[in-house]
Amino acid sequence: MGVLNDAKNAVAVVRKAARGRSAYREVTSAMREQGPLERDRFQIAVYFADSDVNMYQMRQWYRPLQELAKTWPVVVMARHAMGAKALLDDGALPVAFVPEVRGVERFIERQDIRIVLYVNQNMRNFQMFRYGRRWHVFINHGESDKMYMTTNQYKAYDYAFIAGQAARDRLERTLWDADLDRKVIEIGRPQADHYSGTTPFTPDERTIVLYAPTWEGDRPSASYGSIVSHGETLVERLLSDPRYRVIYRPHPRSGVVDPAYGAANRRIIGAIRAANNADPAAQHVFDDGPDIGWQLAAADVAISDISAMVYDRLATGKPLLVTRPVEPAAEIDESGYLGACEWLTAEAAVNVIPEITRVLEDPHTAGRLEEWVRRYFGDTTPGAPTARFHDAIARLMREWDTHGSVSA
């Protein structure tokens with residue numbers, strides 16, 4: 001078995017390398033055809049050092065960044081060929097492909113970059129931190145109570161944009177000697193103003209349930225995934241009841257560590273396909289598309305693992321259930337929303353329909369939800385988060401001007 005796994009791993013490495021070389025050729029060709037970006041065109045850059053596997057972290061920011069670009073043009077600095085190819089294929093924002101440090105330096109020389117935004121904690125972010133006289137700002141790729149949200153890496157950035165008071169409280173509890181009053185700016189969830197995609201079915205009398213599990217995690221403390229423990233059971237119950245329509249949106253990394261997790265994911269996809277074949281009017285959806293938003297808006301109830309998706313859904317103010325991890329070592333911060341959320345245990349997955357009815361119809365549950373929405377996101381009035389995002393950028397631009405005039 002060990003020899004077989006080694007051989008499979010070797011084949012996977014070779015295939016990945018071949019994809020990388022192909023992507024590099026395609027991207028460099030596209031860059032030559034595009035020609036150099038206009039000098040001094042951009043003052044805001046998004047630094048993205050990942051491959052296409054983490055494109056979901058960029059894609060959720062496309063619409064807010066496109067809106068921001070109407071005032072301050074935005075460019076993405078892509079360090080990885082496969083990530084750059086995905087960015088170019090999406091065509092949402094201008095792209096600079098800078099795989100080597102000297103390419104970063106040439107780009108910095110040609111552009112008046114004053115703010116650099118980071119959507120994740122890639123270790124190559126450190127290579128960009130070397131460039132002073134600009135603000136390095138962590139904007140993250142979601143809001144959650146996962147341990148990732150309190151990493152000491154926050155201190156490496158000049159500023160961090162966070163969703164609201166709950167995020168500030170979380171950082172205050174965890175980080176030592178962090179100047180949060182100066183470095184942290186609350187902006188809410190601007191993505192909630194820019195839901196993307198179109199609903200692929202015509203709404204009818206069916207109750208729409210979004211099931212959005214995360215991946216299995218790469219260590220016990222981060223094992224939040226529910227596909228094996230909850231997913232097959234709850235999806236089976238919903239598919240067998242004609243009152244419900246399922247939108248299944250698994251994390252794109254599902255099964256990369258645990259083959260059994262990937263196999264369960266494929267069985268759920270197959271069950272959805274079979275249910276639609278048996279009843280075309282059901283219009284259940286397996287969703288692996290790049291757009292995120294229509295699912296949150298369309299669903300009457302959402303079921304999510306501990307992940308940013310919980311908080312994306314929370315920002316809508318609509319009912320949700322959170323799956324309780326079966327891994328005893330999984331770290332759960334119950335000092336925030338997870339201490340008061342509507343849990344769905346693995347044992348209760350078989351009774352998912354009564355649980356859905358409860359969160360839809362119980363007024364006390366609805367009242368608690370409303371309180372937590374305010375704590376996590378502040379004012380969720382349409383347009384308010386976008387205004388706060390733009391105000392934060394404007395503030396940093398003014399501060400840049402102040403520092404620039406002093407050092408001139």
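# Reading cavities, sheets and helix packing

A: Start with the second largest cavity: about 30 Å³ of space lies in it. The model is predicted, with local features needing pLDDT of at least 70 and side-chain atom pairs counting only at pLDDT 80 or more, while totals for chains, interfaces and linings use all residues. Residues are numbered from 1 along each chain as its sequence is written, and side-chain values use heavy atoms, without hydrogens and water.

Q: Which residues line the second largest cavity?

A: First the general idea. Rolling a probe the size of a water molecule over the atoms shows where empty space is left. On a 1 Å grid over the protein atoms alone, a cavity is a set of points where a 1.4 Å probe fits but cannot get out; a pocket is an open set with protein on both sides within 12 Å along at least five of seven lines; lining residues have an atom within 4 Å of a point. Points are joined across faces, edges and corners, and a volume is the space filled by probe spheres set on them.
Here the lining is Asp145, Ala166, Asp169, Arg170, Arg173, Ser335, Gly336, Arg375 and Tyr376. Helices (H or I, at least four residues) and strands (E, at least two) are DSSP runs, numbered from the N terminus. α7 gives the most, with four residues.

Q: How do the residues of this lining divide into nonpolar, polar and charged?

A: Ala, Val, Leu, Ile, Met, Phe, Trp, Tyr, Cys and Pro count as nonpolar; Asp, Glu, Lys and Arg as charged; the others, Gly among them, as polar. The second largest cavity has two nonpolar, two polar and five charged lining residues.

Q: How many cavities of 30 Å³ or more does a search of the whole structure find?

A: Two. The largest cavity has a volume of about 150 Å³. Its lining has 18 residues, and Ile139, Gly142, Phe161, Ile162 and Ala163 are the closest to its centre. β6 and α7 each supply at least two lining residues. α7 gives the most here, with three residues. By class, the lining of the largest cavity holds 11 nonpolar, four polar and three charged residues.

Q: How much space lies in the second largest pocket?

A: About 530 Å³. Its lining has 20 residues; the closest to its centre are Met31, Ala96, Phe97, Val98 and Arg106. α1 (2-34), β3 (95-97) and α5 (101-110) each supply at least two of the lining residues. The classes are 10 nonpolar, five polar and five charged.

Q: In what order do the seven strands form an open sheet?

A: Two strands pair if DSSP finds at least two bridges between them. The order is β3-β2-β1-β4-β5-β6-β7, with parallel pairing. β3 and β7 (184-186) are the edge strands, each with a single partner, so one side of each has no neighbour in the sheet. From one strand to the next, the twist averages 25°. Look inside the sheet: β4 (115-118) and β5 (135-138) pair in the parallel sense over four bridges. Leu117 has Val137 in β5 as its bridge partner.

Q: Which strands does helix α7 lie across?

A: Angles run from 0 to 180 degrees between N-to-C directions, and axes are lines fitted to C-alpha atoms, for helices over the stretch in contact. α7 (165-174) lies across β6 (159-162) and β7, at about 155° to β7.

Q: What is the order of the open sheet of six strands?

A: β10-β9-β8-β11-β12-β13, paired in parallel. β9 (244-248) and β10 pair in the parallel sense over two bridges. Tyr248 has Phe286 in β10 as its bridge partner.

Q: At what angle do α9 and α10 pack?

A: Two packed helices are described by the angle between their axes and the distance between the axes. α9 and α10 (259-278) pack at about 5°, with axes 10 Å apart. Angles under 35 degrees count as roughly parallel, over 145 as roughly antiparallel, 65 to 115 as roughly perpendicular, and the rest as oblique. α9 and α10 are therefore roughly parallel to each other. Contact means heavy atoms within 4.5 Å. Residues of α9 in the contact include Val228 and Leu239; those of α10 include Tyr261 and Ile268. The contact of α9 with α10 has 11 nonpolar, two polar and two charged residues.
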